[in-house]
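These are my notebook entries on a single protein model. I record what I looked up and how each term was defined.

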Amino acid sequence: MASKGSVFLLGPGFIGLEILSELLKEGYPVTTLVRREEARASLEMVGSKTIKGSLDDHDIICNAAANHDIIIHTATADHKPSAISILDGIASRAKNGKSTIYIHTSGCSAITDKSDGKFVSDKIYKDNEPQTVDSIADDAPHRQIDLAILERRKQLGSKAKISIVLPPVIYGLGKENRLSIQIPTMARFALKHGFAGFCGGGKAVWGQIHVSDLAKGYMTILHYMEASSGEEVLKNPYFFIENGEELSWEEMAAGIGKALHKAGRLQDPKPREIPREMFGDLFQEWSVAVIGENARNRANRLRALGWQPRAKSTIDSFAEDELPIILAEKGEFKGYSAPVAS
């Protein structure tokens, strides 16, 4: 049996730890970039090597990328320097005749519309039709980073295999009791302000994916890229990962309200629109883009490769798995200020 390619993983967080678990299960040797010394022990305990550095450390990331067969970036969709550092390392490998696989995490905020949540869009992006994704505006969320990757991808040609993954709403209880971003932020807002809310009109919809199904999707993509030629991978850079369920932001808020009401933490479970002056306790000026617009898509490529989602639904996962963690949190909630992957 051929040995597994070495993996360099950036972002051992909610998404990354789930993918790391799948990689180690399959016997891949993994090295993970860590910012904090205290994070090394837990990663090394499960079987990953570590390199200490931040996303801004060009030389560390570039050298690590140059010395690994596979790079998976799940740290953030909005940090261009780290993506460039990876691509510089890949270019170095290409000069030495070595092919590299690079899977970059973008997000479905890139395909949001300007509906302000007032209607369900009939625009559905399909990853087996890359021209639909190529039509995204250059100033869309995440898009400038994606465009920089696509430009270098074109320059490298078949010498590198590069794919961009665009996750929808990610949910579920991750490793080390980690939570996702969008729905937990909406729940924390509800706990702080006494009502479950949505941004804009609440009618717009997003696809959904449980973090465990997401990680298995990444593995399916990796296996496809390993088995395919550089020319084949070059034909289409995009992969969506969604489980077939679409929920409106009002429906997601209603699920949050119902669960919090059942837990005795909300008097009225009925959701309502959040005034813009309260967006500081959500995603600031990005609140409508992140939890208010349409972002409809179909993961046709993954399904054609045999991938199937198997985890529980968004609302069931929130009520059964995520809410107990949120209710146990201490400290004042002041909104979410970091970049959002979705």
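**Entry 1: N177 and the ground rules**

I looked up N177 and found it in the loop that joins β8 (169-171) to α7 (182-193). Helices (H or I, at least four residues) and strands (E, at least two) are DSSP runs, numbered from the N terminus. The model is predicted, with local features needing pLDDT of at least 70 and side-chain atom pairs counting only at pLDDT 80 or more, while totals for chains, interfaces and linings use all residues. Residues are numbered from 1 along each chain as its sequence is written, and side-chain values use heavy atoms, with hydrogens and water left out.

The phi of N177 is positive, near 60 degrees, and N177 is not a glycine. Most residues other than glycine have a negative phi. I list N177 as partly exposed because its relative accessibility is 45%. The classes are buried (under 20% relative accessible area), exposed (over 50%) and partly exposed in between, with a 1.4 Å probe and protein chains only.

**Entry 2: D116**

D116 sits in the loop between β5 (100-105) and β6 (125-126).

**Entry 3: K203**

I placed K203 in the loop between β9 (197-198) and β10 (205-210). K203 counts as partly exposed because its relative accessibility is 41%. Which residues does K203 touch, not counting those up to four places away in sequence? I found G117, K118, F119 and V120, together with S248 and E250; contact means heavy atoms within 4.5 Å. I also took the C-alpha separation of K203 and I183, which lie 20 residues apart along the chain, and it is 16 Å.

**Entry 4: G5**

G5 belongs to the segment before β1 (7-10). I list G5 as buried because its relative accessibility is 18%. With neighbours within four places in sequence set aside, G5 is in contact with Y28, P29, D69 and I70.

**Entry 5: helix α2**

I then examined α2 (residues 37-46), where A39, R40 and L43 are buried. They lie on the same side of α2, because they cover an arc of only 110 degrees around the axis. The arc is that of the directions from the helix axis to the C-beta atoms. E38 and M45, on the other side of α2, are exposed. The cover over the buried residues of α2 includes α1 (14-25), β2 (30-34) and β3 (49-52). G47 follows α2 and has a positive phi, near 120 degrees.

**Entry 6: the whole chain**

I counted 13 helices and 14 strands in the protein chain. The chain is as compact as a globular protein of 342 residues, because its radius of gyration is 20 Å, close to the 20 Å from the globule rule. That radius is taken over C-alpha atoms, and the rule is 2.2 Å times the number of residues to the power 0.38. Along the principal axes, the C-alpha atoms fill a box of roughly 65 × 45 × 35 Å. Of the 342 residues, 58% count as buried. Among contacts with a separation of 6 or more, 79% come from residues 24 or more positions apart.
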